[in-house]
Amino acid sequence: AVVSTQSTGGFKLTHIDATDSEITDVGSRYLRNAINLQHVSFAGCRFITDTTLPNLLSSAEAGSLLSLNLSRTNITLEAVEILAELTSLRRLNLTDCRFLVQHRELAREVLSTELKPCKVII
């Protein structure tokens with residue numbers, strides 16, 4: 001599901017729920033200039049990896065990205081550095097990321113320090 005709001009300048013993409021879809025890192029590149037994103041869910045998207053995250057930086061830098069659900073994706077520990085740059089986040093869900101399971105505590109420690117007051121769920 002995609003939700004947009006209308007403003008005087010047209011439509012602004014604010015929500016994306018791609019839960020359990022077949023979206024890929026390549027497809028996520030179209031989000032690079034979506035500076036009004038507030039809530040994004042890629043939960044259960046098996047083709048989402050660390051490569052997707054830089055595509056969300058423009059929304060975070062604009063201060064609009066509030067929640068990001070990457071549970072059950074192929075995010076790794078290397079993604080933590082990029083996730084730490086998403087300082088507008090207030091909720092981050094990384095549960096059941098199979099490549100992050102072994103490093104759960106380290107990821108939680110780094111993200112909880114860098115993303116205050118974000119609620120980090122790992």
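Helices (H or I, at least four residues) and strands (E, at least two) are DSSP runs, numbered from the N terminus. The model is predicted, so local features need pLDDT of at least 70 and side-chain atom pairs count only at pLDDT 80 or more, while totals for chains, interfaces and linings use all residues. Residues are numbered from 1 along each chain as its sequence is written, and side-chain values use heavy atoms, with hydrogens and water left out.

**Whole chain**

Start with the protein chain in cartoon view. It holds four helices and six strands, in the order β-β-α-β-α-β-α-β-α-β from the N terminus. Its radius of gyration is 14 Å, close to the 14 Å that the globule rule gives for 122 residues, so the chain is as compact as a globular protein of that length. The radius is taken over C-alpha atoms, and the rule is 2.2 Å times the number of residues to the power 0.38. Along the principal axes, the C-alpha trace spans about 45 × 30 × 20 Å.

Switch to a surface. The protein chain exposes about 6600 Å², of which carbon and sulfur atoms supply 51%; accessible areas come from the Shrake-Rupley method with a 1.4 Å probe, and for residues only the protein chains shown count as cover. Of the 122 residues, 43% count as buried (under 20% relative accessible area; exposed is over 50%, partly exposed in between; 1.4 Å probe, protein chains only). Among contacts (heavy atoms within 4.5 Å) between residues at least 6 apart in sequence, 64% join residues at least 24 apart.

**Aspartate 20 and arginine 72**

Select these two side chains. They meet in a salt bridge, 3.1 Å from N to O (a side-chain nitrogen of Lys or Arg within 4 Å of a carboxyl oxygen of Asp or Glu). The pair links distant parts of the chain, 52 residues apart: arginine 72 lies between strand E4 (67-69) and helix H3 (79-83), and aspartate 20 between strand E2 (10-17) and helix H1 (25-28). Neither is a glycine, yet aspartate 20 has a positive phi of about 55 degrees and arginine 72 one of about 60 degrees. Arginine 72 is partly exposed, at 39% relative accessible area.

**The other salt bridges**

The count of salt bridges comes to three. Go next to arginine 46 and glutamate 22, whose closest N and O atoms are 3.4 Å apart. This pair also links distant parts of the chain, with arginine 46 in the loop between strand E3 (39-41) and helix H2 (57-61), and glutamate 22, 24 residues away, in the loop between E2 and H1.

Then select glutamate 105 and arginine 108, where the closest N and O atoms are 3.2 Å apart. Both lie in helix H4 (residues 104-114), three residues apart, about one turn of the helix. Glutamate 105 is exposed at 53% relative accessible area, whereas arginine 108 is partly exposed at 25%.

**Lysine 116 to proline 117**

Move to the loop between H4 and strand E6 (119-121), where proline 117 is found. The peptide bond from lysine 116 to proline 117 is cis, with omega near -5 degrees.

**Asparagine 93**

Finish in strand E5 (residues 91-93), which includes asparagine 93. Is asparagine 93 buried or exposed? At 13% relative accessibility, asparagine 93 counts as buried. Show its surroundings: leaving aside neighbours within four places in sequence, asparagine 93 is in contact with Leu68, Asn69, Leu70, Ser71 and Ile121.
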